[in-house]
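Here is a brief report on one model.

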Amino acid sequence: MVKGSCLCKGVQYAVDGKVSDIGHCHCSKCRKISGVNSNGVVLAAARRFQWICGEDLVRHYSMEDGWTSAFCSTCGCPAPMPMPDGKLFWLPIGSLDEYPEINVVQHIYVGSKARWEIIGDDAPQYDTEVEEA
Ligand SMILES: [Zn+2]
Ligand SMILES: [Zn+2]
């Protein structure tokens with residue numbers, strides 16, 4: 001069981017099972033939405049995800065190209081949201097309330113990272129999306 005919440009604790013969720021390893025996205029949208037250099041994301045199977053409280057507090061913002069973010073309407077923290085395929089939930093890494101044994105496994109959109117950012121781990125880096133194997 002992995003639990004997470006926002007800063008005001010209005011939004012809380014649990015994942016009954018494992019979550020994925022961590023991917024960092026360094027694109028300009030993720031910089032804006034996270035307020036820092038990159039957006040750290042883990043994924044969970046949608047069937048294992050459940051809201052404990054606050055689903056009604058979550059607001060979504062979608063851009064014209066379909067890029068969407070979710071956030072707590074009280075405190076503004078990034079919040080979980082379902083992926084378009086409906087099979088996975090996207091979880092902001094900073095929302096986790098504990099530290100499951102997961103690692104950073106990829107950096108995407110490194111080609112558009114901020115000039116000052118120095119990536120300090122040795123996970124693979126991709127200029128844009130992860131290349132298909
Ligand atoms: Zn909140
Ligand atoms: Zn991004």
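Where is the place of threonine 74? Threonine 74 sits in the loop between strand 7 (68-72) and strand 8. Strands (E, at least two residues) are DSSP runs, numbered from the N terminus.

This is a predicted model: local features need pLDDT of at least 70, side-chain atom pairs count only at pLDDT 80 or more, and totals for chains, interfaces and linings use all residues. Residues are numbered from 1 along each chain as its sequence is written, while chains are lettered from A and ligands numbered from 1 in the order in which they are written.

**Threonine 74.** This residue is partly exposed (between the limits for buried, 20 or more other C-beta atoms within 10 Å, and exposed, 12 or fewer, with C-beta atoms placed from the backbone), because 15 other C-beta atoms lie within 10 Å. Beyond its neighbours within four places in sequence, threonine 74 is in contact (C-beta atoms, placed from the backbone, within 7 Å) with Cys8, Gly10 and Leu57. Glycine 10 is 64 residues away along the chain, with a C-alpha separation of 7.6 Å from threonine 74.

**Pairing.** Two strands pair if DSSP finds at least two bridges between them.

An open sheet of five strands runs in the order 8-9-4-3-10, with mixed pairing. Its edges are strand 8 (81-82) and strand 10 (104-108), each pairing on one side only.

Strand 6 (residues 58-62) has zero buried residues of five, so it lies largely in the open. In the hairpin of strand 6 and strand 7, five residues separate the strands, and glycine 66 takes a positive phi near 95°.

How values were computed. Helix = DSSP H or I, 4+ residues; strand = E, 2+ residues; numbered from the N terminus. Contact = placed C-beta atoms within 7 Å.
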